[in-house]
Amino acid sequence: MKIRLLFIAILSCLPLAASLAGQTDDVKAQINKIKKSSQYIYAESTAPTETDARHYAEEKLYEEVNAWVATQKKMKKSSNFVVNNKKELWTTLSMPRGSNMFRSFIYVKKSDIMPTNNATIIPNNNLPAVEETLKVSLPEAVSTIAECTLYSDMSTKIKQLKAEGKIKNYARYAALSNPDNCYLVVYNREGKVVAVLTPGTERRNVKTNKPDSVKNYSGCGAIGFEL
């Protein structure tokens, strides 16, 4: 009989937007460190979309948790468990022919898995509403551009980074041959930068690390660039 898992804590995600080989190597190093440690249970998956990669990895994680619990004398008699502080590392992997694959690696500390027999979970409604802020590790060029608030400053920075070899190429959105391979700098009619989006078919806002799309910025323009 499978054990039913209950996840109650706000997920603590550590996503890493990694289109550069150096960034991907950083993620691989973190993943390898976790795999070598006996303190964690983990699962991973690669899929064409970030949503699918995360979904498949979570399913595998639940199976791994169940398998581990079955070996623990103090836990295997419990029918429900709480798993706190589930964390995730994700990367965008560049593939041949201009396509991308998303890799999701999800893990949890064994010490954060607890039995909840006869427990009632009550949400604390007295806590103030706080928007979750996630720290994102970004390539230096992207961080530099994301700091710009005006189109004129952003345009100057992009030209400078291109001259320094930190950006391969850039163009207005309509002129991009493959927009999915590009970071997008979105600006409004007043000349203010309103968002910087990661590459891929399912983009994220680099400042909030939340899912975002050019469709959310009607009437705005965009500059795309590749690293």
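Tyr 183, Val 185 and Tyr 187 point one way from strand β8, while Leu 184 and Val 186 point the other way, and all are buried (under 20% relative accessible area, with over 50% called exposed and the range in between partly exposed; 1.4 Å probe, protein chains only). The model is predicted, so local features need pLDDT of at least 70 and side-chain atom pairs count only at pLDDT 80 or more, whereas totals for chains, interfaces and linings use all residues. Residues are numbered from 1 along each chain as its sequence is written, and side-chain values use heavy atoms, with hydrogens and water left out.

- Strand β8 covers residues 183-187, and five of its five residues are buried.
- Strands here are DSSP runs of E with at least two residues, helices are runs of H or I with at least four, and both are numbered from the N terminus.
- Strand β10 (residues 221-226) runs antiparallel to β8 and is joined to it by five bridges; two strands pair if DSSP finds at least two bridges between them.
- Within this pairing, Ile 223 of β10 is the bridge partner of Val 185.
- Strand β9 (residues 193-197) is also antiparallel to β8, with four bridges joining the two.
- In β9, Val 193 stands opposite Tyr 187.
- The strands β8 and β9 form a hairpin with five residues between them, and Gly 191 in its turn has a positive phi of about 80°.

**Cysteines**

- Zero disulfides (pairs of cysteine sulfur atoms within 2.5 Å) are present in the structure.
- Cys 148 counts as buried because its relative accessibility is 7%.
- Cys 182 has a relative accessible area of 2% and is therefore buried.

**Glu 50**

- Glu 50 belongs to helix α2, which spans residues 50-69.
- With a relative accessibility of 5%, Glu 50 counts as buried.
- Glu 50 and Arg 103 lie 53 residues apart along the chain, and their C-alpha atoms are separated by 7.4 Å.

**The chain overall**

- The chain contains four helices and 10 strands.
- From the N terminus on, these elements run β-α-β-α-β-β-β-β-α-α-β-β-β-β.
- The chain has 227 residues, of which 41% count as buried.
- Among contacts (heavy atoms within 4.5 Å) with a separation of 6 or more, 68% are between residues 24 or more positions apart.
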